[in-house]
Amino acid sequence: EVNSNAPKDYWDYENISISWGNQDRYEVIKKIGRGKYSEVFEGMDVTTDQKVVIKVLKPVKKNKIKREIKILQNLQGGPNVIKLLDIVRDPSSKTPSLIFEYVNNTDFKVLYPQFTDFDIKYYLYEVLIALDYCHSKGVMH
């Protein structure tokens with residue numbers, strides 16, 4: 001319903017025009033994670049000395065990358081939604097990277113065993129708030 005009532009540029013990720021930032025603005029500090037489609041690093045914005053998270057995307061179809069970027073842009077400003085700060089790509093390899101705000105955290109393997117029932121209910125509630133927001137924006141997860 002949401003997407004059918006929204007203007008075409010809201011949901012048409014295939015025709016998104018990406019404004020690429022300057023990759024040289026960011027420096028990798030250390031690897032902090034990986035997934036099927038990316039590797040994730042703690043980084044630094046060298047122009048502001050601000051910590052960031054750099055998600056380097058593995059080679060996949062262009063439309064998959066465009067879709068992820070469009071969804072992230074559409075969700076910006078929502079409750080419990082990480083901020084997408086920039087989109088960059090390596091000039092020679094064309095490998096894209098997403099630059100996110102850095103959120104200080106504790107490794108889940110350390111954190112979870114310490115959770116009380118209240119903690120579990122609190123964090124689950126916060127996840128559901130974000131999920132409800134995603135659904136309200138026409139994004140199913």
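Modeller: Read along the sequence, the protein follows the pattern α-α-β-β-β-α-β-β-α-α, which comes to 5 helices and 5 strands. Please keep in mind throughout that this is a predicted model.

Biologist: How many Å does the C-alpha trace span along its principal axes?

Modeller: The C-alpha trace spans about 50 × 45 × 30 Å along those axes. The protein exposes about 10000 Å², and carbon and sulfur atoms supply 53% of that area.

Biologist: And what share of the residues is buried?

Modeller: Of the 141 residues in the protein, 27% are buried. As for contacts with a separation of 6 or more, 47% of them are between residues 24 or more positions apart.

Biologist: Which residues make up the largest nonpolar core?

Modeller: That core has 12 residues in all, namely I16, I18, V40, V53, L57, I65, I69, L72, L84, I87, L98 and F100. At least two residues each are supplied by strand 3 (50–57), helix 3, strand 4 (84–89) and strand 5 (96–101), and the largest share, 3 residues, comes from helix 3.

Biologist: Is there a second core, or what else is there?

Modeller: A second, separate core has 6 residues, including Y26, V52, I54 and I99.

Biologist: Different spot now. Where is S38, and is S38 buried or exposed?

Modeller: S38 lies in strand 2 (residues 38–45), and its relative accessibility is 6%, so S38 counts as buried, the cut-off being under 20%. Not counting residues up to four places away in sequence, S38 touches K55, V56, L57 and K58.

Biologist: Let's go to helix 5. What does helix 5 reach from its first C-alpha to its last?

Modeller: Helix 5 (residues 117–136) has 20 residues and reaches 28 Å from its first C-alpha to its last, which is close to the 28 Å expected at 1.5 Å a residue.

Biologist: Which residues of helix 5 are buried?

Modeller: The buried residues of helix 5 are A130, Y133 and C134. Seen down the axis of helix 5, these buried residues fall within an arc of 110°, so they line one face of the helix. As a rule, an α-helix has 3.6 residues a turn, so residues three or four places apart point the same way.

Biologist: What covers those buried residues, and what sits on the face turned away?

Modeller: The cover over the buried residues of helix 5 includes helix 3 (62–75). On the face of helix 5 turned away from its buried side are the exposed residues D117, F118, K121, Y125 and D132. Just after helix 5, G138 takes a positive phi of about 80°.

Biologist: One last thing, which residues does N80 contact beyond four places in sequence?

Modeller: N80, which is found in the loop between helix 3 and strand 4, is in contact with E126, I129 and A130 once neighbours within four places in sequence are left aside. The side chains of N80 and E126 make a polar contact at 2.9 Å, while the two residues are 46 residues apart in sequence and 7.1 Å apart in space, C-alpha to C-alpha. With a relative accessible area of 47%, N80 is partly exposed.

Definitions and conventions. Residues numbered from 1 in each chain as written. Predicted model: local features only at pLDDT ≥ 70, side-chain atom pairs only at ≥ 80, totals over all residues. Heavy atoms only, no water. Helix = DSSP H or I, 4+ residues; strand = E, 2+ residues; numbered from the N terminus. Expected span 1.5 Å × (residues − 1). Buried < 20%, exposed > 50% of the residue type's maximum accessible area, 1.4 Å probe, protein only. Arc of directions from axis to C-beta. Contact = heavy atoms within 4.5 Å. Core = buried A, V, L, I, M, F, W, Y, C linked by side-chain atoms within 4.5 Å. Areas by Shrake-Rupley, 256 points an atom, 1.4 Å probe, with all protein chains shown as cover. Polar contact = N/O pair within 3.5 Å; in protein donor to acceptor, adjacent residues only side chain to side chain.
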